[in-house]
Amino acid sequence: AIARALAVEPNVLLLDEPLSALDLKLRQHMRTELRAIQQRVGITFIYITHDQGEALTMSDRIAVMSQGIIQQVGTGTEVYENSQTAFVASFVGENNPFHGKVVGTEGGDALVDTAFGRLRGRNVRGMQAGQPAMLFVRPESMSFANGDAENVIESQVLHSEFEGSFFSVFLRGEGSKDIVMSMTNSGDLPQYQEGQSARVAFKAERALVLPVGEVADE
């Protein structure tokens with residue numbers, strides 16, 4: 001089907017979830033092949049997918065849409081690391097949201113009072129003191145807190161999940177939303193039992209402070 005479409009030398013090729021029916025390993029192989037074909041023929045591919053791994057792996061630019069409106073366009077790194085809206089931050093990958101109010105700004109950071117204390121993150125949207133805000137931090141950006149850590153959060157461990165190369169710890173968050181921390185399996189991870197209290201932390205440069213807005217459904 002791809003060969004037939006390319007035979008007419010189109011200016012743009014639209015691919016609507018072309019790999020959705022394939023098993024995982026074949027899908028991973030085919031996305032590499034499609035990327036190589038696109039670079040070889042030089043035709044713009046518009047690739048529609050619900051698989052975020054495919055989008056981040058294959059794309060030069062990604063458009064994130066909500067209810068027919070484009071929320072952000074950028075490279076995979078830009079969309080993932082520098083989300084510009086609460087929807088993009090909550091939709092692309094896993095993210096931990098903390099609701100609060102901006103109480104001050106320092107340099108390129110904003111300070112946000114939350115239910116877990118005062119947290120600091122990158123002020124990418126120029127938030128001002130007094131504005132309601134959401135601070136987002138990725139699970140892989142969190143770690144168990146040491147003595148001089150910044151942005152320390154203390155909460156109750158709900159459960160943990162061993163995924164082979166990764167290990168995730170789930171802590172009680174705001175409302176029904178858990179706080180998730182993911183770590184590479186180094187072989188010497190500390191073990192926490194359900195109900196124990198744990199202290200986790202993150203660096204300010206790994207967190208985003210954004211205006212309150214629509215978030216993606218679970």
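# Briefing: charges, cores and sheet of a predicted chain

The chain carries 18 positive and 28 negative side chains, and the centres of these two sets are 4 Å apart. The model is predicted. It holds five helices and 14 strands. Buried residues account for 39% of the 218 residues.

**Overall dimensions and contacts**

- The C-alpha trace spans about 60 × 40 × 30 Å along its principal axes.
- The accessible surface of the chain is about 12,300 Å². Carbon and sulfur atoms contribute 49% of that surface.
- Take the contacts between residues at least 6 apart in sequence: 63% of them link residues at least 24 apart.

**Nonpolar cores**

- Nonpolar side chains tend to be buried together in soluble globular proteins.
- The largest nonpolar core in this chain has 25 residues. Phe98, Met142, Ile153, Val169, Phe202 and Val209 touch the most other members.
- Eight elements are listed as giving two or more residues each to this core: β5 (96-106), β6 (109-114), β8 (132-137), β10 (152-162), β11 (166-171), β12 (179-184), β13 (197-201) and β14 (207-211).

**Met142 and its surroundings**

- Which residues does Met142 contact, leaving aside neighbours within four places in sequence? The set is Asn96, Val137, Ile153, Ile179, Val180, Met181, Ser182, Val200, Ala201 and Phe202.

**Five-stranded sheet**

- Five strands make an open sheet, ordered β9-β13-β10-β11-β12. The pairing is antiparallel.
- β9 (143-144) and β12 are the edge strands, and each pairs on one side only.
- β10 and β11 run antiparallel and are joined by five bridges.
- Ser160 has Val169 in β11 as its bridge partner.

**Gly147 in the β9-β10 loop**

- Gly147 sits in the loop between β9 and β10.
- Is Gly147 buried or exposed? Its relative accessible area is 83%, so Gly147 is exposed. The cut-off for exposed is over 50%.
- Gly147 and Phe202 are 55 residues apart along the chain, and their C-alpha atoms are separated by 13 Å.

Notes:
Residues numbered from 1 in each chain as written. Predicted model: local features only at pLDDT ≥ 70, side-chain atom pairs only at ≥ 80, totals over all residues. Heavy atoms only, no water. Helix = DSSP H or I, 4+ residues; strand = E, 2+ residues; numbered from the N terminus. Buried < 20%, exposed > 50% of the residue type's maximum accessible area, 1.4 Å probe, protein only. Contact = heavy atoms within 4.5 Å. Areas by Shrake-Rupley, 256 points an atom, 1.4 Å probe, with all protein chains shown as cover. Lys, Arg positive; Asp, Glu negative; His and termini not counted. Charge placed at Lys NZ, Arg CZ, Asp CG, Glu CD. Core = buried A, V, L, I, M, F, W, Y, C linked by side-chain atoms within 4.5 Å. Pairing = 2+ DSSP bridges.
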